[in-house]
Amino acid sequence: MTPGDSLWPGGPALPGLAVVNPQQSVSAPCTTPGTRACLQLSSNLAWLMDNGKVTFGPTPISHGRPGFETPPGVFHVASKDWYHWSTMHHAEMRYAVFFNGDIATHIGPIQEKSHGCIRMTPDGARAFYDYLRPGDQFEVVR
């Protein structure tokens, strides 16, 4: 499988970056200058941003369960891996974007809480992976 392949046989290719409904004004709760990725834990939503304006989202997420909470704060992209294997949890993490130690955004079941990572839909994880670069700023708010 290559990064451009469909994630499921016969499934559609993943779309490019776009605000969910470009006719509506979309805002995100993150306000720190320079933020490129905004994650809101209380609403389980995420956005991509450029100069304070939303470029993608909101997209649904899930985050850390009790005892493995995803911490709020300002972080920076450390690395990206389109196919990462978690030796800690023995699980694949497709379109992983690491931003706080071993915490990353990646494809995963958004109906379940994680061990700290941000689980995303395939569309959301791919958008974050394609858009973000090492050094880009993440803001995680409650």
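Over the ring of which residue does the charged end of Lys80 sit? Good morning, colleagues. The ring belongs to Tyr129, and the charged end of Lys80 lies 4.4 Å from its centre. By the rule applied, a charge sits over a ring if NZ of Lys or CZ of Arg is within 6 Å of the ring centre and within 35 degrees of the ring normal.

Before I continue, a word on the basis of this talk. This is a predicted model, in which local features need pLDDT of at least 70 and side-chain atom pairs count only at pLDDT 80 or more, while totals for chains, interfaces and linings use all residues. Residues are numbered from 1 along each chain as its sequence is written, and side-chain values use heavy atoms, with hydrogens and water left out.

Helices are DSSP runs of H or I with at least four residues, strands are runs of E with at least two, and both are numbered from the N terminus. Helix α1 covers residues 122–131, and seven of its 10 residues are buried. Buried means under 20% relative accessible area, exposed means over 50%, and partly exposed lies in between, with a 1.4 Å probe and protein chains only. The buried residues of α1 are Gly124, Ala125, Arg126, Ala127, Phe128, Tyr129 and Tyr131.

A pair of aromatic rings is described by the distance of the centres and the angle of the planes. Rings of Phe, Tyr and Trp (its six-membered ring) pair if their centres lie within 6.5 Å; planes under 30 degrees apart count as stacked, over 60 as edge-to-face, and the rest as tilted. The count by this rule is five aromatic pairs. One of them, formed by Phe99 and Phe138, is stacked, with 4.1 Å from centre to centre and 5 degrees between the planes. Because Phe99 lies in strand β6 and Phe138 in strand β9 (residues 137–141), this pair ties together parts that are 39 residues apart in sequence. Both Phe99 and Phe138 are buried. Ring pairs also link Phe75, Phe99, Phe128 and Phe138 into a cluster.

Next, the annotated positions. Which residues does UniProt list for "active site"? The entry, which is unreviewed, lists His106 and Cys117. UniProt positions are given in the numbering used here, feature names are shortened, and annotations may be inferred rather than shown by experiment.

His106 is placed in strand β7, residues 103–107, whereas Cys117 is found in the loop between β7 and β8 (118–120). His106 counts as buried because its relative accessibility is 7%. Cys117, at 12%, is therefore also counted as buried. For contacts, the criterion is heavy atoms within 4.5 Å. Leaving aside neighbours within four places in sequence, His106 is in contact with several residues, among them Met93, Arg94, Tyr95 and Cys117. With residues up to four places away likewise not counted, Cys117 touches residues including Ser62, His63, Met93, Asp102 and His106.

Arg94, one of the contacts of His106, has its place in strand β6, residues 91–100. Arg94 counts as buried because its relative accessibility is 18%. From C-alpha to C-alpha, Arg94 and Trp82 are 5.4 Å apart in space, although 12 residues separate them in sequence. The side chains of Arg94 and Glu92 are joined by a polar contact of 3.1 Å. Such a contact is a pair of N or O atoms within 3.5 Å; within protein, one must be able to donate a hydrogen and the other to accept it, and residues adjacent in sequence count only if both atoms are side-chain atoms.

How many disulfides does a search of the whole structure find? The search finds one, where a disulfide is a pair of cysteine sulfur atoms within 2.5 Å. Cys30 is joined to Cys38, S to S 2.1 Å, and the link is right-handed, with 80 degrees about the S-S bond. Cys30 is buried because its relative accessibility is 6%, and Cys38 is buried at 0%.

I close with the backbone. The peptide bond from Gly57 to Pro58 is cis, with omega near 10 degrees, and Pro58 lies in strand β3, residues 53–62. Asn44, in the loop between β1 (35–40) and β2 (45–50), has a positive phi, near 55 degrees. Asn51, in the loop between β2 and β3, has a positive phi near 50 degrees. Asn44 is partly exposed at 28%, whereas Asn51 counts as exposed at 74%. Thank you for your attention.
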